[in-house]
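This report is for a reader meeting the structure for the first time. Please look over the sequence and the model, then read on.

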Amino acid sequence: MKTALRFVDSSTDLDAACDELATSSRIAVDTEFLRETTYYPKLCLIQLRGDGDAWVIDPLSGIDLDPLRDLLLDPERLKIFHAARQDLELFLHLWDAVPRPLFDTQVAAGLVGVGEGLGLEALTRTLLDVQLPRSEARTDWSRRPLRREQLAYAAADVEHLGTMAGMLEEKLEELGRRGWLEQEQKTLFGDDKLRVDPARAWKSVKGLGRLRAGERKVGRALAQWREQAAQERNRPRRRVISDELLVAIAKRRPRSLADLEALRGVEGRLSSRDRKAVAQVAKEALKAPDDEDPSPPRRLGVQHQAMADLMSALVKLQAEEHRLAPGLLTNRAELESIARDGDRSRSRALEGWRREVVGDVLLALRAGKIRMVVEEGEVELRDVE
């Protein structure tokens, strides 16, 4: 039987929603938001379902969300999400806290071999053979009033989350991987991962890693300035300064405003205030000691490249044995790091449950303690005697 849909745009209705949801030990949660023109997401809807009806809450109606905050931050109640990261970032910005404990069905599905990074629609179809509606995927959720079809579309996102979480929990227990989920969610959704540190913003700037040392030093400082400006103005990073222009300025290493303005395109794409700020940031960055510069990884020689190739094959074998997607275990950059640095590598393959599945085997291969052989058309691992 299809779940009833209850729309909430008043304090009275919100109290009723929280009273019913409080009788459930687990609550499915989803949100609809917009962030095309802002740095922080604009919350437009909150969808919830416990053991009964689906509730669609309108935060743009002006209602006080404190009763909902108390409900979702209750540590005794499990909150079920799918691909939780953006929802959690939103709640962290809204309440300076995130709903815990939580269960992410996307993460859990990857850990039991259902599929890595599956969207909600694909997971619902895979586990339940149910097709979620897609007709309102392009809705502007900030516009009011919302049509009944739009509300039904939003509510469908929490309709089956509880059922799927139960199925995935059973599989995790069967495989002995519940601890894996806890480790993975702690790694992905810790407050330190959900909050953007402006000092580390340079890591996501496309093209910055290919610059020379002095240029990277300027680029890192500009990325930090841009992140802080975007947060203060609540504007997308690209609206402050694009990656392309940021890297072009870093390459020029301007030492004055005149030097910066000599770069083609700067005056038309940065305000006078921002040009002065960028010139000052670049000038100060050039004074920073070289040991503060984040150097890129050393290039691998032929032997280490070949070792990483062997490791890639080994990862596929281990992934097949444990019925996991290889990409969930590690990636090429991490394998190259292990090939070069061994146990000193900061690869995620050497941490937590991944070390049990693949990390120790990779180190054993690197140390020459095991070898890969082909016998009767199959690749096998064998100890070196």
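This is a predicted model: local features need pLDDT of at least 70, side-chain atom pairs count only at pLDDT 80 or more; totals for chains, interfaces and linings use all residues.

How many of the 10 residues of helix 18 are buried? The count is 7, so helix 18 is largely enclosed by the rest of the structure.

**Helix 18 and its surroundings**

Helix 18 covers residues 332-341. Its buried residues are Glu-334, Leu-335, Ser-337, Ile-338, Ala-339, Arg-340 and Asp-341. What do they pack against? Three helices take part: helix 16, helix 17 (326-329) and helix 19.

Two of these partners can be set side by side. Two packed helices are described by the angle between their axes and the distance between the axes.

| Helix pair | Angle between axes | Distance between axes |
|---|---|---|
| Helix 16 (residues 302-322) and helix 18 (residues 332-341) | about 125° | 9 Å |
| Helix 18 and helix 19 (residues 352-366) | roughly 45° | within 10 Å |

Take helix 16 with helix 18. They pack at an angle of about 125°. That makes helix 16 oblique to helix 18. Their crossing is right-handed.

Which residues meet there? Helix 16 brings His-304, Gln-305, Met-307, Ala-308, Asp-309, Met-311, Ser-312 and Val-315. Helix 18 brings Arg-332, Leu-335, Glu-336, Ile-338, Ala-339 and Arg-340. By class, this contact has 7 nonpolar, 3 polar and 4 charged residues.

Now take helix 18 with helix 19. Their axes cross at roughly 45°. The two helices are therefore oblique to each other. Helix 18 passes helix 19 in a right-handed crossing.

On the helix 18 side, Leu-335, Ile-338, Ala-339, Arg-340 and Asp-341 take part. They meet Leu-362, Leu-363 and Arg-366 in helix 19. The residues of this contact divide into 5 nonpolar, no polar and 3 charged.

**The cysteines**

How many disulfides does the model have? The count comes to 0. Cys-18 is in no disulfide, and its nearest cysteine sulfur, that of Cys-44, is 19 Å away. A disulfide would need the sulfur atoms within 2.5 Å. Cys-44 is likewise in no disulfide, with the sulfur of Cys-18 as its nearest, 19 Å away.

Are these cysteines buried or exposed? Cys-18 is buried, with a relative accessible area of 9%. Cys-44 counts as buried at 0% relative accessibility.

**Ala-285**

Ala-285 is found in helix 15 (residues 272-285). At 7% relative accessibility, Ala-285 counts as buried, because buried means under 20%. What does it touch, leaving aside neighbours within four places in sequence? Ala-285 is in contact with Lys-217, Val-218 and Ala-221. Leu-151 lies elsewhere: the C-alpha atoms of Ala-285 and Leu-151 are separated by 50 Å. Along the chain, these two residues are 134 residues apart.

**The chain as a whole**

The protein chain has 19 helices and 8 strands. Its C-alpha atoms fill a box of roughly 70 × 65 × 35 Å, taken along the principal axes. Of the 385 residues, 46% count as buried.

Terms used: Residues are numbered from 1 along each chain as its sequence is written. Side-chain values use heavy atoms; hydrogens and water are left out. Axes are lines fitted to C-alpha atoms, for helices over the stretch in contact, and angles run from 0 to 180 degrees between N-to-C directions. Helices (H or I, at least four residues) and strands (E, at least two) are DSSP runs, numbered from the N terminus. Angles under 35 degrees count as roughly parallel, over 145 as roughly antiparallel, 65 to 115 as roughly perpendicular and the rest as oblique. A crossing is left-handed if the near helix is turned anticlockwise from the far one by less than a right angle, and right-handed if clockwise. Contact means heavy atoms within 4.5 Å. Ala, Val, Leu, Ile, Met, Phe, Trp, Tyr, Cys and Pro count as nonpolar, Asp, Glu, Lys and Arg as charged, and the others, Gly among them, as polar. Buried means under 20% relative accessible area, exposed over 50%, partly exposed in between (1.4 Å probe, protein chains only).
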